Protein chains: 2
Amino acid sequence: MTTTTETRWLNAEQQVAWRAYLLGTARLMAKLDDELRRFGIGINDYEILVRLSESPDRRLRMADLADRLHQSRSRLTHTIGRLEAAELVRRKSCTSDKRGVWAELTEAGYNLLVEAAPTHVDSVRENLVDLASPEDFAAVGRVFDAVSEHIGQH
Amino acid sequence: MTTTTETRWLNAEQQVAWRAYLLGTARLMAKLDDELRRFGIGINDYEILVRLSESPDRRLRMADLADRLHQSRSRLTHTIGRLEAAELVRRKSCTSDKRGVWAELTEAGYNLLVEAAPTHVDSVRENLVDLASPEDFAAVGRVFDAVSEHIGQH
DNA sequence: GATCAACGGTTTAAAAGTCAACTACATTCC
DNA sequence: GGAATGTAGTTGACTTTTAAACCGTTGATC
């Protein structure tokens, strides 16, 4: 008897599905990024702008925003710095917690989002949503919801 | 009558599923990357080693490898350079096509893969495959297969 | 109300990725 | 066989991301 447990390798179908997911995701993200580039932003920037636009007063605390996108705070600091330089976002120090910083969407940031959103959504449809049956796409939602849930914040 | 077509926004469920996918993927990749780090590589390196290990003579042409992973050739050149410095991969110039270069797995590269694979597969199971019903996971495969297919090489 | 761990965010430097230009070889076509 | 065009891969400059150290503030504990 050994203490090591036999590795449960993926079976053929699982293997194929896993690789389809890896390759499909790589292609999809590259494509979405590409199409957003003509608005001068990438998908990461886009998602930041969206989160801000939906929030009360169009602003969020840095840590909160970082968590929602599962990014390191350091990365977000850099990205917000660039978006601030592009005048799409502005920083405001938080009065109630002196450590805190709000990232707030500017008018220009909001306008850019309004301009880019239709193209982006079309692209998400064309390259993902409309390619799947509603049931299959719902399954994708369930699976990655479970993934998020399982992995948690850290 | 206008020339612009009304944007077909995502409905509530689609929106939720799309965001679950984005967040879940971010968390999953970070997690897998993390767990591979103790073997000194990231998931990107890992996938390269796997592709090579499965190929005849454990080697692939640069462009071929880049296509399979949907990476730019430039990026692959840099990555292979690092893997070569780590002695996990070696370059061999291709005799039949003098422009060509083979990336070939070294013995050390193969050994590292053998060592890392069980942990990695466990992690893929624990954080993805085993969280989904077989049907749901199969749906993920179908969807991203369609995505890959639709977007194609470029 | 002083101490000390934890939190929120930034900084810095190094690592990795992108982009455009470039070299060398192959292929096509006249 | 020679010009033009395309393919394979690399290079170098630049941008983005990562990792670790850091500073000021907060909150719990004594």
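Helix H6 of chain B, residues 134-151, has 18 residues and reaches 26 Å from its first C-alpha to its last, close to the 26 Å expected at 1.5 Å a residue (1.5 Å times one less than the number of residues; helices are DSSP runs of H or I with at least four residues, numbered from the N terminus). This is a predicted model, in which local features need pLDDT of at least 70, side-chain atom pairs count only at pLDDT 80 or more, and totals for chains, interfaces and linings use all residues. Residues are numbered from 1 along each chain as its sequence is written, while chains are lettered from A and ligands numbered from 1 in the order in which they are written.

Among the buried residues of H6(B) are B:Phe137, B:Val140, B:Phe144 and B:Ile151 (buried: 20 or more other C-beta atoms, placed from the backbone, within 10 Å of the residue's own). The buried residues of this helix pack against H1 (12-37), H5 (107-127) and H6 (134-151) of chain A. B:Gly152 follows H6(B) and has a positive phi, near 70°.

Chain A can be laid on chain B by a turn of 180° and a shift of 0.0 Å along the axis, with an RMSD of 0.0 Å (least squares on C-alpha atoms of residues with pLDDT of at least 70 in both). The two copies are thus related as by a two-fold rotation axis. Of the residues of chain A, A:Val140 comes closest to this axis, its C-alpha at 2.7 Å.

Technical notes:
Helix = DSSP H or I, 4+ residues; strand = E, 2+ residues; numbered from the N terminus. Buried ≥ 20, exposed ≤ 12 C-beta atoms within 10 Å, placed from the backbone. Contact = placed C-beta atoms within 7 Å.
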